[in-house]
Amino acid sequence: MSYSHFLADDQFNKAQLLELINLAKNIKQSPQNYQQALAGKSVVMLFEKPSLRTHISFDIGIQKLGGHSVYIGQQNGKLGERERVIDVAKNLACWSDAIVARVFNQKSLEELAEYAGIPVINALSDLYHPCQALADFLTLAEQTDDLSSVKLAYVGDPNNVSNSLMLMALTLGIDFTLVCPKEVGISTAMLAQTKTVSAQSGAKFTQIHDIDSIGEQTAIYTDTWISMGDDKDTQQILKTFMPYQVNHQLVKKTSARFVMHCQPAHLNQEITQELFDSKFSVATEQAENRMWAQCAVLLTLFIQ
Ligand code: NVA
């Protein structure tokens with residue numbers, strides 16, 4: 001594959017994404033074949049924000065591949081405050097073979113990638129969450145016969161998770177509908193990226209504000225209405241977003257077969273507890289697949 005980092009969803013083409021999904025499936029099916037794949041490699045995990053799934057799935061995934069990981073949490077404050085990102089990058093590269101980073105600004109990832117000279121993986125930024133999206137499409141590939149016939153709707157706050165989901169869906173040729181209040185539509189820059197990708201793949205992108213016109217969908221995805229680092233008025237957010245809650249009525253209206261959530265879920269806000277705990281929810285499968293998808297990313301970056 002012709003990339004050295006895993007930073008943003010618009011850097012991949014369909015063939016590369018399908019290759020990653022297939023590799024993830026293979027690792028999941030026969031992890032014993034990959035036990036030494038990262039032998040002698042050390043991966044630093046640099047997290048500016050809290051994490052459960054990303055931290056643990058990377059840590060255990062790296063160990064499953066025979067590698068070694070070191071976690072640096074929030075004790076050093078925001079990147080760039082105590083020392084320059086460029087110096088963090090150069091220092092980490094002296095000792096480690098790759099950096100997995102969760103950051104406030106996508107720009108920090110780009111700087112780490114530019115100055116470290118070792119692979120950098122986006123473990124969530126303000127703009128993207130590509131590891132999550134890859135796990136999500138691995139999950140949909142497992143649950144459906146034909147990934148390209150899936151129709152996917154994201155309902156709620158347009159954010160890092162929906163950006164990655166949308167760009168990866170459209171790259172894979174999957175029709176994508178974004179349903180959100182009109183006060184919070186996607187940014188002009190993201191809309192331009194979306195249009196470019198859908199023009200290339202032929203997949204249809206729709207943004208609507210009237211939830212009643214969502215139409216039939218294979219899967220409905222939602223995420224928190226207030227992301228980490230957002231400085232929003234909670235009462236105002238609840239008022240604006242409550243009509244966009246994902247619940248059993250919406251599943252019925254869309255004939256959706258699956259409900260997806262990256263977690264942590266804010267039960268009875270963006271999704272009802274009843275639905276989150278129901279047979280429609282594949283949130284646990286998505287969480288499990290984080291590890292296999294990330295193993296595929298690590299392996300691909302190390303073996304090229
Ligand atoms: N949009 C959420 C995702 C958490 C995994 C956030 O950035 O906080």
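Axes here are lines fitted to C-alpha atoms, for helices over the stretch in contact, with angles from 0 to 180 degrees between N-to-C directions; contact means that the C-beta atoms of two residues, placed from the backbone, lie within 7 Å. Helices (H or I, at least four residues) and strands (E, at least two) are DSSP runs numbered from the N terminus. This is a predicted model, in which local features need pLDDT of at least 70 and side-chain atom pairs count only at pLDDT 80 or more, while totals for chains, interfaces and linings use all residues. Residues are numbered from 1 along each chain as its sequence is written.

Strand β1 (residues 42-47) runs parallel to β2 and is joined to β2 by 5 bridges. Ser42 stands opposite His68 in β2.

Strand β8 (residues 219-222) pairs with β9 in the parallel sense over 4 bridges, and Val259 in β9 is the bridge partner of Ile220.

The protein chain is divided into domain 1 (5-129 + 287-302) and domain 2 (132-280), with bounds from an automatic or database domain assignment. Taken over C-alpha atoms, the centres of the two domains are 24 Å apart. In all, 26 residues of domain 1 are in contact with 23 residues of domain 2. On the side of domain 1 that touches domain 2, α1 (14-29) and α11 (283-303) are the elements that give two or more residues. That side divides into 14 nonpolar, 4 polar and 8 charged residues; Ala, Val, Leu, Ile, Met, Phe, Trp, Tyr, Cys and Pro count as nonpolar, Asp, Glu, Lys and Arg as charged, and the others, Gly among them, as polar.

## Around the ligand

The ligand is surrounded by Leu124, Asn159, Asn160, Val161, Asp223, Thr224, Ser227, Met228 and Cys262, where a residue is near a molecule if its C-beta atom, placed from the backbone, lies within 6 Å of it. This shell has 4 nonpolar, 4 polar and 1 charged residues.

Two backbone details are worth a look. Most residues other than glycine have a negative phi, and most peptide bonds are trans. Leu124, in the loop between β4 and α5 (130-143), has a positive phi, near 115°. The peptide bond from Gln263 to Pro264 is cis, with omega near 5°, and Pro264 is found in the loop between β9 and α10 (273-276).

Key. Pairing = 2+ DSSP bridges.
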